[in-house]
Structure formats: structure tokens, C-alpha cells
Amino acid sequence: MKARLTLLASLLMLGSAHAQPAPFDMSPEAGLRIVTETPADPVAGTIIAAPVVPDLLRYVVPERDLRLTGENDRRGYEVYLTAAQAAAPASLHLGYLNALVVAPESSRLRVEINGTTVLSTPIASSAQSNEVVADVPEAVLKPGFNTVVIRAEQRHRTDCDISSTYELWSDIDTAGTYLAFTGARVGTLSRLDDMAAVGVDASGITTIRLTMPERNGIAGGIVAADLVQALAHNLRVPNPRVEFASGLGQQAGPGVLNVVVATAAALPEVAGPLAAEAVNGPVAAFAQDAANTLILSGPDWNNIAEAVESVRVISQQYPRVENALPPRADRMLPVPILEGNSVVTLESLGVDAFSFNGRRYRTSFNIALPSDFYANRYGQAEIRLNAAYSGEVEPGSQIEVFVNGQIASVTPILRTDDALRDLLIKVPMVGFRPGVNTVELVASLRTQADDICAPGTVTVGTEQRLLVSGQSEFALPDFARIAQVPNLAAFAGTTFPYGDQDGTQLVLGSGDDTISSGLTLLARMAAQTNATIKVASVSLASPSPAADAIFVGAYNRLPPDANDRIGILQPYASAEDSPDEQSTNVNSILQRWRSTSPSGSGSFVRRAQHWVADLLNLGPNSLGVFPPSDSPYAPRQTDQALVLQRLQPEGGLWTMLTVPDQAAMAASVDAVTADGFWTEISGRVSVLPVSATAVTTIEPNEVTFFETTPWTPQNIRFIAANWLSSHVLAYALLLGLAVLGLTAGTAGMLRNFGRRT
């Protein structure tokens, strides 16, 4: 009897085990390998195969950090490969760490290369960073530019509301995300056409390591300025950095390009047979016996300048799109330059037709505007959306539009026919600026099921809630065209006015760090705007005030007259020199306080104007008729880098990039010119604090306008509309004068023609 009970209990336990549902399978898919942190100790006598060491690493992400957020997010990159690299065996490595609340059973990371899904894995690495490896199939990679798209689809473990989607994130380890190649000479560059294969390093930087045995004064400086801009156009990376090197190392890691610039007589041994060729004429070629080393030489500096021109034309051989900025390592599509009265489909901007079954959908696209864009106070762009949504979507759902990270428009979903045909979303052009602009479209969808959030319904099912057509359109109306200075936004976004003219003077402070920082500024502006600043001279002294100039250097290393003319006060030497600690010079302290606190200085009327303007979110001159003069800026201890611009009375436009500390010159310039902060530069003064959180700007009081297009009645009307929209008091006075004039005219007419009683 006891034996029968034991057998019955065993059968019941076995049946119960079979009745349980199968747990979620966390094992990798076929073709994927999960790299663990530390393998277990091998059994004695077991032979462990040595890991395969790749011959070349090509980092995919040209950024220092990458976080994919929300229920859906993606990034697209361009990776240039040589023919040898495209034909070699390759594997894709992806390192990531995700938030604890991400549900692995319904969340995935995908990587596509040229439209082919190479890697797809559940997002299940909240405890520690994991590395996933997948072999790249044959014929997926190609010589030239390859498009790599990283997508994240994430769902919450426990919550159903829209606010919970902000808790979803996956951090991509940029140092652990790369293509690994094996094969002979896959890392060697031999053709100028393959210069873009230099790529980026683990932090998203491309280093141009410049060796110039002969500086040769002004001629050498002009050649170096032209060269780094030509290299930036060819490399197609967002953040090039220029460094000077006294010699060449044997190893050139990922994202490093060695460049030797010298006459034939001064070339180092690494040039090899190229030294003999340089005796007879210009030479621009890669050295045979040195890794990724570009030789630019000739019998004299005029021939070296010709060699630089042969490098410049390389970028013209890449695929081009008319009236658009070319793709870049961090930008997989061309960016169209819209000059008014333009209509483009979202599909042409990279937003394909999509369906979505979540709660908050996000997508974005880029457009570029010309340097003389003057419509930031009036007018509206339009998004004509063709979409459909399911019947379970409730009122309270909305579509939001962000421009350059700032909310621009909110449109509620009010229709009840489950369709949004030609839904017109108006987007004020307040947030647009010259250069590249990012427009983000966000759809927040509420449903009754999400409000209840019953057990088992946290993860959204397969039924789609939103469908958007790729034929939806973005329309930009005609707008005012006139240049204004100072305007650091146009300088940062389009190099205006230096990119459209010859004869720009480059003034550098003393020290090799300053010279390399000045060249880094030119290289990054060339990479971000696809324009070239034609430098006429490089010197340590201030040029004529009638000439346009760019200054780069620490404050105490630049010409004193330049600091005075551009409007910057002597910075504090230390924290002890601040007004709180040392108050001996009352006039100096008062001037500093006025320069950094305009609302707290001047007359009572001026203070009242600033208070009302801040209260109503108006510009600094909205309540004024005659603008006051711009006060000099006083650097603070918390300032890391400053960019200033001022028009000289003699006619020259001077722009200065300066730092308080010479020892931090290279790091400060590298920080402020990074793609994330440089796009925030605007106004007449822009300051990046030491904390590097956001750029602070000071708008100009005195603005000078320059004609860029022929005067037409329509353009004059647009210019007047924008100016009056930004000068509310002047508009009110003009309106009052018009009313008074109309009243006086009517009274005079009635006096002459009316009936007397």
C-alpha cells in the first residue's frame, strides 16, 4: 500500500510539472554568441582554444555615449570600408546595458547593415554590460559607405501608462560596438579614395596627427588650415581632432590618421620612395611602410599647396545630392537645404511608413536652413500627416513636435473616424536656426486597457494602434532672407560670413596647444557645415579692424586690443578675485555685474522692460525702440569656453573662441566644438560652463543687417514682419501712429467735405 501511494505521488508531481507553461527562453538566437564576463575554471587537462584576435576593429558609433530611450528608438550610421575590408570575414560586436524595468520577453535590439538584419537579441542585460557577437553574412558588406542601423524596441515590465515609457533605456557601449575583421592588410590604406576608412576611435573621435618638420611661418599655417578642412570633408566624421606630433609611431589605432607635411628635403625616412618623387613635383599619397600615414610634399610650399588641392577633390568623388549636406558617419542620409516654399515627403527625409502598437512613438528627421534665414519670430511650418489609428485610442492622445529639442507644437487627436487624412500640424518657426535642424515627431496614445492595466496586459499585443504613411509631408513656407550680425548660430551652422569670401584672418594665441586647437575648430566646422573657410593668413597679432578675423586662444595669450574690441573683460585669475572676496575696485565690480546681469542694471525703465520681456518670454529688445549698446562680457570661474562675435566700426566681423585657462586649452575647445554643444551656439556670446550641461547665450542688442538677395516687395514684407514681431513696442507705436494718421486724415476730409451745422 505504501509503495502504491509513493508511485501515485510521483505521477502527480510529474503531471504538475508538465502542466506548467514553458519559461521565457533567454538563450541567444542562432548565429549569436553571448560573451560572458569571466569563464569558469577549466577542468584539468582540458585544452582551451585561444580566442581569435581580429586584425582590424572598426568602431560603429561616432559618439562618446549612446542611449536608446522609450518604446522605440534608432540610430543610423555610415561606415566606410575598403574593398579588402568588405571582402574579409567580419563579425559584429554589440555591447549594451539596459534599465531594470525593460521586459526582455517583449524587447529587442536589432542591428541592420545595408538593409539586412545581422543581429537580433532580447534586451536582457540589466545587471551588467553584455557583449553580443554575430557573424556578418557574405555579400552584406560592400566597398564604400555602409549603412548601419541600431534599433531598440522596449516595453515596460509592470506599468502601462505613457509616463512609464520614459523609464525605458538601453545604453550602447560605444567601445564594445564594432566590426571585427580578419585578413592580411585589412587595416592598411593605400588609396586616397579610401581615406574615409580611417573611421573613429572608441570614443567617437577621429585624430589627425599632424607632423610638420618645417612650420615655415604664414605659408605653413595657411597650408595646414586648408589641409585639415579638406581632410574633414573626406573623412566624413562629426568630431575630427588635430594634434601635432614630433614623430611617427609604428602603430596607428582605429580612428587615427598620420599626416606628414614637409618639403622633399625635410621628409622623414618613413616616406620611402615618395621622397624621390617629391623632388620633381607635388605628392599626395599613403606611405608604403607606415600604417595609415599620408605624405604631402613637393619641392617647395607652393607644390605642397597643390598636393592639398589633390586631397580636396577626393570628397567630390563621393555620391552627392544637389542642394543638400552629404551623409556623415553619424548621419546616414543627406540633409536637404530648404530655401523657402519647399515641400518634402517624410519618406525622403528618412521616415518610412510605420505601424506602432505601443504607447509613445518617436521619430525624427533633419532639414537645413541657409545662413540668412530670418523668420524666427513669425510664420509657421507645416506637417501634413496621413495616418490612421485604431478604435481603442481615446481622447487625450496627442501628437507633439519638437524642434532642436524644444517643444514647438501639440496637436490633440480629436477625430472619431479612426483616420488622420491630411492632418495639418502647424509648427512655429521660433526654434529653427541656420544650419541643420532636427524635427522630432512624438505620438502619445492613450487607451482604456492601459488605464486599467490589468495583469497580463502590461505588454502590448500585436494589434497596431497607429499607422503613418511615408507620403506625409513637411512644408516650409517662404521666409525672409537677410543676414544679421552678430549671429553665432549662422557662424556655427554655416560658417557665415567666412565661408562665402576670401581673406579671413586667423589669429592664434601662442603655444602648440593653441595652434592645434585652432585647426581643430576649422576641421570641425568643415565637417559640420561641409563648407571651407579660406584663410588668408595665420598670425599672432590683430589684423586690420576692417578685415574679418577668427581668434582662438586663451584670454591672456591673445592680443589685448582684440579682447577690448570684441567686448570681453579681464577674467578672474582665481576664485579669491571674485567680488564676494575682494571688493576694492568698485567700478570694475559694477561693470562685471552689469555685463552678466543686464536685467539688474541700467535705468528703472530698462529694468522694467527686461522684467516684462522675461515674464512674457519675449526677446531682450521687444519692449524697446532704440536698443542700448552691448556691454562687455566678464568671464566667470565656472566658464570653460566662450565664443563671442562683434562687428567692428571699421567693417570687420571678429569672432573669438577663448578659454580662461591655457592649460585646459585643448580640452575646452574639444568640448565646446563637439557636435552636441556646437549646435547650441547662438547670439553674440555663448558660454559652455565647466559642468558642460548646456550652452548659455546672450542675445545682441545692436544688430546690423546685410543684404544677401535682391530686394523684392515680398522679401521686404517678410523682413518687416519678423522685425516688428520681435519689437513689440515699436510695432505698437507704429500702429498708434497709423491710427492717429487715419484719424487726422478723416477729420480733415470731413472738415472740407462734410456738412456744416
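What volume does the second largest pocket have? The views below come from a predicted model, and the first one takes up that question.

**View 1. Here we look into the second largest pocket, with a volume of about 470 Å³.** Its lining is made up of 20 residues. If you want to find the middle, look for I337, T494, D500, T529 and A531, which lie nearest the centre of the pocket. Two elements give two or more residues each to this lining: strand 20 (360-369) and helix 7 (488-494). Sort the lining residues by class and you get seven nonpolar, 11 polar and two charged.

**View 2. Now for the largest cavity, with a volume of about 120 Å³.** A search of the whole structure turns up three cavities of 30 Å³ or more. For the largest cavity, the lining consists of 17 residues, and R58, E78, V79, G199 and A329 are the ones nearest its centre. Strand 4 gives the largest share, with four residues.

**View 3. Helix 3 (residues 217-235) and helix 5 (residues 301-312) are shown where their axes come within 9 Å.** The two axes cross at roughly 15°. Angles under 35 degrees count as roughly parallel, and that makes helix 3 roughly parallel to helix 5. The crossing of helix 3 past helix 5 is left-handed. On the helix 3 side, you can pick out G220, V223, D226, L227, A230, L231 and N234. They meet W301, I304, A305, V308, V311 and R312 from helix 5. Taken by class, the residues of this contact are nine nonpolar, two polar and two charged.

**View 4. Another helix pair, helix 8 (residues 512-529) with helix 12 (residues 665-672), has axes that cross at roughly 10°.** The axes come within 9 Å of each other. With that angle, helix 8 is roughly parallel to helix 12. Helix 8 brings D513, T514, S517 and R524 to the contact, while helix 12 brings M665, A666, V669 and D670. Which classes do these residues fall into? The contact of helix 8 with helix 12 has three nonpolar, two polar and three charged residues.

How values were computed:
Residues are numbered from 1 along each chain as its sequence is written. This is a predicted model: local features need pLDDT of at least 70, side-chain atom pairs count only at pLDDT 80 or more; totals for chains, interfaces and linings use all residues. Side-chain values use heavy atoms; hydrogens and water are left out. Axes are lines fitted to C-alpha atoms, for helices over the stretch in contact, and angles run from 0 to 180 degrees between N-to-C directions. Angles under 35 degrees count as roughly parallel, over 145 as roughly antiparallel, 65 to 115 as roughly perpendicular and the rest as oblique. A crossing is left-handed if the near helix is turned anticlockwise from the far one by less than a right angle, and right-handed if clockwise. Contact means heavy atoms within 4.5 Å. Ala, Val, Leu, Ile, Met, Phe, Trp, Tyr, Cys and Pro count as nonpolar, Asp, Glu, Lys and Arg as charged, and the others, Gly among them, as polar. On a 1 Å grid over the protein atoms alone, a cavity is a set of points where a 1.4 Å probe fits but cannot get out, and a pocket is an open set with protein on both sides within 12 Å along at least five of seven lines; lining residues have an atom within 4 Å of a point. Grid points are joined across faces, edges and corners, and a volume is the space filled by probe spheres set on the points.
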